[in-house]
Amino acid sequence: ARALDAATAAGRLVVAFTSGGLIGAMMAEVLRCPDETAIELGLGVINTSLNEVVFTSGRRSLRAFNVTPHLDPGSVSFR
């Protein structure tokens with residue numbers, strides 16, 4: 001939650017590279033999910049997937065989760 005707050009305060013495009021567990025936690029924060037859902041999201045994160053959160057007017061919105069247009073279907077692996 002603090003990392004999202006810091007990114008929002010920047011007021012500009014922010015790109016972050018991190019692990020699946022943190023991505024799951026961040027997505028759960030954006031979606032206001034319980035901790036159990038954060039764990040499930042983290043376990044389902046595809047390695048090198050693209051995830052996008054939009055910050056506008058003090059609001060966070062999930063735009064994309066687990067997107068992999070850059071991968072061949074046979075090269076998908078999970079956290």
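**Surface and interior**

User: Which residues form a nonpolar patch on the surface, with about 450 Å² of accessible area together?

Analyst: This is a predicted model, where local features need pLDDT of at least 70 and side-chain atom pairs pLDDT 80 or more, while totals for chains, interfaces and linings use all residues. Residues are numbered from 1 along each chain as its sequence is written, and side-chain values use heavy atoms, without hydrogens and water. The patch is formed by Leu-13, Val-15 and Phe-17.

User: Is Leu-13 buried or exposed?

Analyst: Leu-13 lies in the loop between α1 (2–10) and α2 (20–31), where helices (H or I, at least four residues) and strands (E, at least two) are DSSP runs numbered from the N terminus. Buried means under 20% relative accessible area, exposed over 50%, and partly exposed in between (1.4 Å probe, protein chains only). Because its relative accessible area is 77%, Leu-13 is exposed.

User: Which side chain has a polar contact with that of Asn-66?

Analyst: Asn-66 sits in strand β2 (residues 59–67) and is buried, with a relative accessible area of 17%. A polar contact pairs N or O atoms within 3.5 Å; within protein, one must be able to donate a hydrogen and the other to accept it, and residues adjacent in sequence count only if both atoms are side-chain atoms. At 3.2 Å, the partner of Asn-66 is Ser-49.

Note on methods
Patch = residues over 30% accessible without salt bridge, like charges linked within 9 Å, V, L, I, M, F, W, Y side chains within 5 Å. Areas by Shrake-Rupley, 256 points an atom, 1.4 Å probe, with all protein chains shown as cover. Salt bridge = Lys/Arg side-chain N within 4 Å of Asp/Glu carboxyl O.
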